[in-house]
Amino acid sequence: MKAIVCDRYGPPEVLRLEEVERPAPRDNQVLVRVHATSLNAADIEILGGSVLARIGGPFRPRHRIPGSDVAGRVVAVGRGIKRLKEGDAVFGDLFMCGFGAFAEFVAVPEDALMRKPDSTSFEDAATLPQAAKIALQGLRGRRPLKKGQKVLINGAGGGMGTFAVQIAKYYGAEVTGVDSIGKLEMLRAIGADHVIDYAREDCTSGGERYDLILDTVTRRSIFDYRRVMAPDGLFVLVGGSRYAIMQAMLLGPLVSIASKKKMGINPMNVNNEEDLRFLLELNEKGRLSPVIDRRIDLSEVPEALRDLSKGLVKGKVVVTVGHDDDYPGPDKGLT
Ligand SMILES: NC(=O)c1ccc[n+]([C@@H]2O[C@H](COP(=O)([O-])OP(=O)(O)OC[C@H]3O[C@@H](n4cnc5c(N)ncnc54)[C@H](OP(=O)(O)O)[C@@H]3O)[C@@H](O)[C@H]2O)c1
């Protein structure tokens, strides 16, 4: 099968499209024929040798084939599989179970997947498992999000942010989206009430006070945000510099004890089926649509990751995985 492979840490240029052996599912795994996957900023961070990546692979990537989000069809099952069967359309996030989605086939533990309804396309399903789920957990994971609340989303034009804007609007929040100038029109189009160009305006110095601040790209001290938090406001860090992450992890809980303002990192729950089911419902109702910047094939993954790292992507890049179709599985002809 064809797959994007990675034998050393580095920029997206170290990735190559290669012919590799198709994996065989272990007892607790199913073999998924990948129809679509999508890119995440986390792919670049892991490829670059982030702290998290080096815990598993100090000198070179532990997992040779990257890619977290997967949507496809089960074509073979391991001996211990009870819930899924051949032919099932499934999707999920492989972040905690070996990655491997940038390939024609991937072997995945059954627990990491849930069934995809026919009403949601493989492409849409491939955008949801990581970015939309984390956006949802960031927005309502620590406390319920209420109608009329003021929500600031920093990094609103990215993969996660574009979902966060739509989810916050679904809950009736008044949303301010912060991103680079080229993404602001799109943010208005998906529902943001106010937009801020981060190059021209510092969102931590205005007169507005926010009930919830969700930051996907924290680049400053988390204490700067205290100025624009409502008296009982909440700041949730989803991504950012190592410094900001350490601050939020170590000092956030102390701030939260000493003040009514609460600060901390995103409560992450990788295989939360309830959250994914909720996102599917929103997608089916037309209340949550991925902003798809472009559709590419596997060979274009390195270039698209490079564009993502340079801020040249609005929302998500979806990889549509074509097949030579010589696989004698139950998936022939199904899309
Ligand atoms: N905590 C978790 O559970 C978890 C899990 C997975 C991933 N993550 C993290 O979440 C983060 C976001 O992921 P993503 O896929 O949404 O990334 P993304 O698609 O690259 O989006 C980031 C957005 O932020 C914008 N941006 C860059 N610098 C900014 C600034 N100073 N102020 C405001 N906006 C800025 C970017 O626009 P320009 O480039 O045009 O400036 C881009 O639109 C990543 O760091 C990832 O590691 C967290």
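Buried denotes a relative accessible area under 20%, exposed over 50%, and partly exposed in between (1.4 Å probe, protein chains only). The model is predicted: local features need pLDDT of at least 70, side-chain atom pairs count only at pLDDT 80 or more, and totals for chains, interfaces and linings use all residues. Residues are numbered from 1 along each chain as its sequence is written, and side-chain values use heavy atoms, with hydrogens and water left out.

**View A. The aromatic cluster of Tyr170, Tyr171 and Phe278.** Rings of Phe, Tyr and Trp (its six-membered ring) pair if their centres lie within 6.5 Å; planes under 30 degrees apart count as stacked, over 60 as edge-to-face and the rest as tilted. The whole structure holds 5 aromatic pairs. Tyr170 and Tyr171 are edge-to-face, because their ring centres are 5.5 Å apart and their planes stand at 85 degrees. Tyr171 and Phe278 are stacked, at 6.2 Å centre to centre with 25 degrees between the planes. Phe278 is buried because its relative accessible area is 15%, whereas Tyr170, at 25%, is partly exposed.

**View B. The surroundings of Thr37.** Thr37 is buried, because its relative accessibility is 0%. The Thr37 side chain reaches the backbone oxygen of Asp69 at 2.6 Å. Beyond its neighbours within four places in sequence, Thr37 has contacts (heavy atoms within 4.5 Å) with residues including Ala101, Phe102 and Val319.

**View C. Charges over the rings of Phe105 and Phe122.** A charge sits over a ring if NZ of Lys or CZ of Arg is within 6 Å of the ring centre and within 35 degrees of the ring normal. Arg22 lies over the face of Phe105, 5.0 Å from the ring centre. The charged end of Lys116 is placed over the ring of Phe122, 4.5 Å from its centre.

Key. A polar contact is a pair of N or O atoms within 3.5 Å; within protein, one must be able to donate a hydrogen and the other to accept it, and residues adjacent in sequence count only if both atoms are side-chain atoms.
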